[in-house]
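Please walk through the model shown below, one site at a time. The text takes up a charged side chain, then a strand residue, then a pair of strands.

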Amino acid sequence: MTISHEPVRLRQRKTRTGLTTLYLDIYVHGRRTYEYLRLYLVPEKTREDKRKNADTMRLAEAVRAKRLVEVQNGKFGFDTPDAGGVSFFKYYEVLCAEHASRQNTYHTWLFALRYLRAYAGGSDVMFAAIDRVWVEGFREYLCRQALSSNSRWLIFSHFTACIHRAVSDNIIQTDPLKGVSGFKWRDTTRTFLTIDEVRLLAQTPCRNDVVRRMFLFSCLTGLRWSDIRALTWSEVQRHGEYTRLVFKQKKTGGLEYLDITPQAAALLGGYAAGTALVFPSISDVALANYYLKLWVRAAGIEKKVSFHCGRHTFAVMMLDLGTDIYTVSKLLGHRNLATTQIYAKVLDKNKQAAVMRIPKIFEGGE
């Protein structure tokens, strides 16, 4: 039998109400304390219950990881010469915990962590061991992996953010990244559908009606898969002829207020009460993309379309209809206008009008 010496453990206890409360059992220097997290697991009767419990457990584990590093901080001391003895991976998990409420960002931090652990051979690494040679080795390791240039950029940028934070927290005195070049982000082609192609798709039968409604809903609202998948009826507000969505973005955690058109509201289907999912049948984006690929092919559209194409379609459609870029940015829930300006590059009517003003030079229309 293996005895765990973990000083911070996540424990559960049943309550009289039928819920399961989560708390931390912290044992340091012979003293035991308990921290109740005010997080509860519900009896799993539906898929939604299981999803909520998984989210709750992920958040509780993130808090546990953060407390564990705090215990280590007290052991090693950030302001002492021994600060380099702090575990890099445990510190990195603290940064992951800070993004636990932002599902997409949280997963990108975990994605980078996977490659960092693989490079370390599954062993723990102290900050004192991370020098320029270690960093250059990690960069070369990423170059050898079957990754896109943007994936390498994403992984290395998260590693860089962790190191810079450690320098700011006085865990390490010297920045091991100095003199090491990172990776460059490359603009990628943003596939979108024209209004005529959306109409054609809407007129084409789809093997899965839920996927059909979800994708068309994305084209008409600009919502991401993660937000549509998690949308509940309690977040749908009806005000006379208008329908408004009030929800938190999964990627940024920001609270959004989005008015939608009557045809978008019609795609929601039959109304239900409470926290029931609006689109409950499809939970896997890979499965949704499978049905979407078959649907696009049946419509005769020769484009490589994924579910995120619906968001691109909405952005380009809004600009094509003359909506100013600031409003489009707000509709998409962007925090930075520069993010929205990428779509302006895709559809620049001023450039199109400029080249069309070139006078006829060759005879015969050549």
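This is a predicted model: local features need pLDDT of at least 70, side-chain atom pairs count only at pLDDT 80 or more; totals for chains, interfaces and linings use all residues.

What the side chain of Asp175 does reach is the backbone nitrogen of Leu177, at 2.9 Å.

Asp175 sits in the loop that runs between helix H5 (149–168) and helix H6 (195–202). With neighbours within four places in sequence left aside, the contacts of Asp175 are Ile163, His164 and Val167.

The next site is in a strand. Thr20 belongs to strand E2, which covers residues 20–28. Is Thr20 buried or exposed? Its relative accessibility is 8%, so Thr20 counts as buried, the cut-off for that class being under 20%. Once neighbours within four places in sequence are set aside, Thr20 is in contact with Gln12, Arg13 and Lys14, and also with Leu39, Tyr40 and Leu41. For Leu41, the separation from Thr20 is 21 residues in sequence, yet the C-alpha to C-alpha distance is 4.9 Å.

Strand E4 (residues 236–239) pairs with strand E5 (residues 242–248) in the antiparallel sense, over four bridges. Arg238 has Thr243 in E5 as its bridge partner. Two residues lie between E4 and E5, and the two strands form a hairpin. In the turn, Gly240 has a positive phi of about 65°.

Key:
Residues are numbered from 1 along each chain as its sequence is written. Side-chain values use heavy atoms; hydrogens and water are left out. A polar contact is a pair of N or O atoms within 3.5 Å; within protein, one must be able to donate a hydrogen and the other to accept it, and residues adjacent in sequence count only if both atoms are side-chain atoms. Contact means heavy atoms within 4.5 Å. Buried means under 20% relative accessible area, exposed over 50%, partly exposed in between (1.4 Å probe, protein chains only). Two strands pair if DSSP finds at least two bridges between them.
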